[in-house]
Amino acid sequence: MATTFNTLIAANRRKSTWLVIGFLVLFMITVYAFAVFLIGDDPRSGIGPAILALLVGGLVALLSYYKGGNLVLAMSRAKEIKKENDPQLWNVVEELSIAGGLPMPRIYLIDDTALNAFATGRDPQHAAVAITKGLRSQLERAELQGVLAHELSHVRNYDIRYSMLLAVMVGLLVLLADVFRRWLWWGGGRRRSRRSGEGGGGGMAIIAVVAIVLSIIAPLLAKLIQLAASREREYLADASAVELTRYPEGLASALEKLGKDKEVLEVANRATEHLYIVSPFKPFEARAKGMLSTHPPLADRIHRLRALEGSGPPR
Amino acid sequence: MGLVLIVILVLIAIAVFGVIGIYNSLVGLRQTVRNAWSQIDVQLKRRYDLIPNLVETVKGYAKHERETLEQVVQARNAAVSAQGVQQQAQAENALTGALRQLFALSERYPDLKANQNFLALQEELATTENRISFARQHYNDSTATYNTRVQSFPANILAGMFNFTSEPFFEIEDAAQREAPKVQF
């Protein structure tokens, strides 16, 4: 048991490091390319901006690492709660932290009637779990326990670090590409017509090409976000949740309720989609059969949980 | 000559770091087991502290149930003063049984069941029961990890040298007691 967990943790740490490196390299190359095209034909003119990009990118990476969790929570408009606000929810989380030997995470509520939950943070010492008010009010104690055990499993095996970095950094790149594309379509076009006499047409054409390439890359990056939260991660968290609660039916019946909900969670977006326990964009069962889905089909997850029933010692 | 010396030094360095690594991991695992054990005590104490409050609340509504209430108080006091693991386990189980009876009895008093204070206490006791069994579960999980480490090669050599011994599991003897100490409401 411990070996598997240690392997998972090590893998997630390694992946997080590579993600940061990949982000820095991509960011530097992009800025370098832009600089060379904008300033002149000399390839050396891009070196300065590239170094600047490395510094800025490093800063972004540091911010993502230390503040990414808060950023994701703010993006989802989640509000932190204390024990007095909801003793039962608080107790359930604290029970599970005891079961997993983890520090108590912060608890957040999302003011939305859609049913969903997620966990984020850089490590178990700086973790947070968030649940929508809709899900909170619909679940029985045992179901709530199952859902939160699933989230705490993401915390325990450091899934949260990787998915948080992914959400913030790749999300930012996608956003930049989107902004740039729009600027080129609207503002960029006007600017060119004003300066048409200066002979910058060739440079602009190249930028246009780069922009088109970027606008193709942006959705690809979005897909990367979705794929990174592989189905395997969700199955694993389901199984680890049962290891904590020793009660598969709790999570299974919660997933059933989640499956019946067809409401879209407005605060979720493409950058944070993969964090949630079920896809926030519904109906997703049909799409889940496709290769590029972030979440495995719910029916299959429920089936696997029910298969675990009775295999462990009763509690 | 020089090369042989370097190879020998490198091998010694690897061995030293290996030993340090294994030793530290053993210390870490043993510490986890000890923490897990003390967590059980923390949660048991939490339950002792809740009971007087519960009894006071119930007393106001169910005056005729003095016997059940006394049983709960007695079971609690027996658990607090229990000596040794065996006696402790018995006393804790008696207490769980007495509490269950108390909550079953509350069904007969609608006023009591509607009391906010009682409802809050019910939740606190439910969570405490869960915490106790989760703490035991965590103790057993971490003990299993630690024991495996202590008994497997090559850590077992170091474990023998530095006196790391296997820890006992927390076991409940009676099969009926093994069944979830869950309070149903």
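**Figure 1. A salt bridge joins A:Arg301 to A:Glu234, with the closest N and O atoms 3.7 Å apart.** A salt bridge is counted where a side-chain nitrogen of Lys or Arg lies within 4 Å of a carboxyl oxygen of Asp or Glu. A:Arg301 belongs to helix H10 (residues 298–308) of chain A and A:Glu234 to helix H8 (residues 231–245) of chain A, so the pair ties together parts that are 67 residues apart in sequence; helices (H or I, at least four residues) and strands (E, at least two) are DSSP runs, numbered from the N terminus. Both A:Arg301 and A:Glu234 are buried, where buried stands for under 20% relative accessible area, exposed for over 50%, and partly exposed for what lies in between (1.4 Å probe, protein chains only). The model is predicted, and local features need pLDDT of at least 70, side-chain atom pairs count only at pLDDT 80 or more, while totals for chains, interfaces and linings use all residues. Residues are numbered from 1 along each chain as its sequence is written, chains are lettered from A and ligands numbered from 1 in the order in which they are written, and side-chain values use heavy atoms, with hydrogens and water left out.

**Figure 2. A:Glu143 and A:Lys257 meet through their side chains in a salt bridge of 3.0 Å, N to O.** A:Glu143 sits in helix H5 (residues 141–156) of chain A and A:Lys257 in helix H9 (residues 248–260) of chain A, so this pair ties together parts that are 114 residues apart in sequence. A:Glu143 is buried, with a relative accessible area of 8%, whereas A:Lys257, at 24% relative accessibility, counts as partly exposed. Over all chains of the structure, 22 salt bridges are found.

**Figure 3. A salt bridge between B:Asp141 and A:Arg246 has an N to O distance of 3.0 Å.** B:Asp141 lies in helix H5 of chain B and A:Arg246 in the loop between H8 and H9 of chain A, so the pair joins two chains. With 17% relative accessibility B:Asp141 counts as buried, while A:Arg246, with a relative accessible area of 26%, is partly exposed. Elsewhere, salt bridges that share partners link A:Lys83, B:Arg46 and B:Glu124 into one network.

**Figure 4. The contact between the two chains takes 18 residues from chain B and 21 residues from chain A.** Contact here means heavy atoms within 4.5 Å. About 1600 Å² is buried between chain B and chain A, and carbon and sulfur atoms give 47% of this area; buried area is the accessible area (1.4 Å probe) that two parts lose on being put together, summed over both. The interface holds 4 salt bridges, and A:Arg141 forms a salt bridge with B:Glu123 in which the closest N and O atoms are 2.8 Å apart. Across the interface, 13 residue pairs (both at pLDDT 80 or more) are in polar contact, that is, they have a pair of N or O atoms within 3.5 Å, of which, within protein, one must be able to donate a hydrogen and the other to accept it, residues adjacent in sequence counting only if both atoms are side-chain atoms. On the side of chain B that touches chain A, helix H1 (2–61) and helix H5 (116–151) of chain B each supply at least two residues, and the largest share, 12 residues, comes from H5(B).

**Figure 5. The largest nonpolar core has 80 residues, and A:Leu255 and B:Leu54 have the most contacts inside it.** Such a core is a set of buried Ala, Val, Leu, Ile, Met, Phe, Trp, Tyr and Cys residues joined through side-chain atoms within 4.5 Å. H1(B) gives the most to this core, with 12 residues. Apart from neighbours within four places in sequence, B:Leu54 is in contact with B:Leu99, B:Leu102, B:Phe103, B:Phe118, B:Leu121 and B:Leu125.

**Figure 6. A:Ser97 has its place in helix H3 (residues 87–100) of chain A.** A:Ser97 is buried, with a relative accessible area of 4%. When neighbours within four places in sequence are left aside, A:Ser97 is in contact with A:Leu102, A:Pro103, A:Met104, A:Pro105 and A:Leu152.

**Figure 7. B:Gln74 is placed in helix H2 (residues 66–81) of chain B.** B:Gln74 is exposed, with a relative accessible area of 55%. B:Gln74 and B:Ala94 are 20 residues apart in sequence, and their C-alpha atoms are 9.7 Å apart in space.
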